[in-house]
Amino acid sequence: MKQPAFLKAGSTIGMIAPSFGVTTEPYYSRYNASKSNLESLGFNIREGENVHLDIGIFSSNTPEKRAKEFMDAYSDPNVDAIFSVGGGELMVDILPYINFRKLRRLPPKWFVGYSDNTNLVFPLTTILDVVSVYGPCATTFYNNPLKYSEKDTIRLLSGEKKFKGYESYGKEINDPRNPFHRLNLDHKKTILAVNYTNPFSGTLVGGCLDCLLTLCGTKFDHTKEFIKKHPEGLIWFLEACDLSLLDVRRGLFQLSQAGWFKNVNGFIIGRPLAINEKAEGIDHYSAVTDILSAFHVPILLDADIGHLPLMLPIKSGARGSVSFKSGNMSLIYED
């Protein structure tokens, strides 16, 4: 795997909007404060042309122009990392306009984002063998000093290797009248460990299940080729946004039958937004374990990944070791 150079004071972060742009509150205020805060930490900020646009279909701009913004940032030798300013719905539309052949010839570069940003994080890892970060988008870096996921993202991009899950979680608050009141961490985090006896290691890969299901079977699906390149085995990290419990079960069945979980060493499953949903004979645990238990590997459920913050940033494509102790998860990277 090709890992980009770690960030340091003076590094330049390129801000882009490959899905939604920053045009409404509370995201506008959060973005401006995050930008200022990152600059105060010694980073230079370079904005793409779509960051403050909302002229596409559920997106900042047309697929062609959003793809160009990404390509321009990745091709710019003065940009060291690329942060997505937000998630959204239709980032997948840009993939036909991404020049993967050109990207392969360029030095690797960090890309950071989650949710809809799976549509770049996952292909960068599985097609180009580039380590990327499944982590918070640029609008949440406004706390000074940084806290939680954002602090750990900068630690990750700076080369630190040891990370641990958080103690609590809650639903994100997006009140335009009070933009900086975002987190209500009113639930104690509890991870359910299935088939876990000892720490497990491998190459991390995954993202938002909603997006991965759309990629499966397309020309952007190089998962089987990626698996063959990694005989050490994979650790899949997965979380769901809009999917119901039955959607999750069907989706995991689809990916398992597509051969995505061959040579798997373990699963890290994030808290789904449908965490409180129930259906006859199924809950958000059994929706996962009914399918994934067949692989006889450790499964950590309700881990700190995804749409119910706090979320632990993860290096997609990096080798790491996952351990579970005293109800919490730890992750140590090899490089």
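These legends describe close-up views of a predicted model.

**View 1. The largest pocket and its lining.**
The largest pocket has a volume of about 970 Å³. A total of 44 residues line this pocket, and Gly87, Gly88, Tyr114, Ser115 and His307 are the closest to its centre. The most comes from H6, with three residues. By residue class, the lining holds 17 nonpolar, 17 polar and 10 charged residues.

**View 2. The second largest pocket.**
This pocket has a volume of about 230 Å³. Its lining is made by 18 residues. Nearest the centre lie Pro77, Val79, Asp80, Pro108 and Lys109. Of the lining residues, 11 are nonpolar, three are polar and four are charged.

The structure holds one cavity of 30 Å³ or more. The largest cavity has a volume of about 110 Å³. It is lined by 14 residues, with Val248, Ile269, Gly270, Pro272 and Val288 the closest to its centre. Strands S11 (234–239), S12 and S13 (299–303) each give two or more residues to the lining, as does helix H8. H8 gives the most, with three residues. The lining divides into 10 nonpolar, two polar and two charged residues.

H5 is mostly covered, with seven of its 10 residues buried. The buried residues are Ser149, Glu150, Asp152, Thr153, Ile154, Leu156 and Leu157. Just after the helix, Gly159 takes a positive phi of about 110°. Next in view is a salt bridge between the side chains of Arg155 and Glu160, at 2.9 Å from N to O. Glu160 is partly exposed, because its relative accessible area is 39%, between the 20% and 50% cut-offs.

**View 3. The salt bridge between Glu172 and Arg30.**
The structure holds 15 salt bridges. One of them joins the side chains of Glu172 and Arg30, at 3.7 Å from N to O. The pair links distant parts of the chain, 142 residues apart. Glu172 sits in the loop between strand S7 (168–169) and strand S8 (187–188), and Arg30 sits in helix H1. Arg30 counts as buried because its relative accessible area is 0%. Glu172 counts as partly exposed because its relative accessibility is 25%. Both residues belong to a network of salt bridges that also takes in Glu150 and Arg182.

**View 4. The salt bridge between Asp76 and Arg46.**
Asp76 forms a salt bridge with Arg46, and the closest N and O atoms are 2.6 Å apart. Asp76 lies in the loop between H2 and strand S3 (81–84), and Arg46 lies in strand S2, so the pair ties together parts that are 30 residues apart in sequence. Asp76 is buried because its relative accessible area is 17%, under the 20% cut-off. Arg46 is partly exposed, with a relative accessible area of 38%. Side chains of opposite charge can pair when their charged atoms come close.

**View 5. A nonpolar patch on the surface.**
Phe20, Ile57 and Phe58 make a nonpolar surface patch of about 340 Å². Phe58 is found in the loop between strand S2 (44–47) and helix H2 (63–75). This residue counts as exposed because its relative accessibility is 57%, over the 50% cut-off.

**View 6. Gly259 in its loop.**
Gly259 lies in the loop between helix H8 (245–257) and strand S12 (264–270). Both flanking elements also give two or more residues to the lining of the largest cavity. Gly259 counts as partly exposed because its relative accessibility is 23%. Its C-alpha atom is separated by 9.5 Å from that of Ile227. Along the chain, Gly259 and Ile227 are 32 residues apart.

Note on methods
Residues numbered from 1 in each chain as written. Predicted model: local features only at pLDDT ≥ 70, side-chain atom pairs only at ≥ 80, totals over all residues. Heavy atoms only, no water. Patch = residues over 30% accessible without salt bridge, like charges linked within 9 Å, V, L, I, M, F, W, Y side chains within 5 Å. Areas by Shrake-Rupley, 256 points an atom, 1.4 Å probe, with all protein chains shown as cover. Salt bridge = Lys/Arg side-chain N within 4 Å of Asp/Glu carboxyl O. Helix = DSSP H or I, 4+ residues; strand = E, 2+ residues; numbered from the N terminus. Buried < 20%, exposed > 50% of the residue type's maximum accessible area, 1.4 Å probe, protein only. 1 Å grid on protein atoms, 1.4 Å probe; cavity = no way out; pocket = protein on both sides within 12 Å on 5 of 7 lines; lining within 4 Å. Points joined across faces, edges and corners; volume = space filled by probe spheres on them. Nonpolar A, V, L, I, M, F, W, Y, C, P; charged D, E, K, R; others polar.
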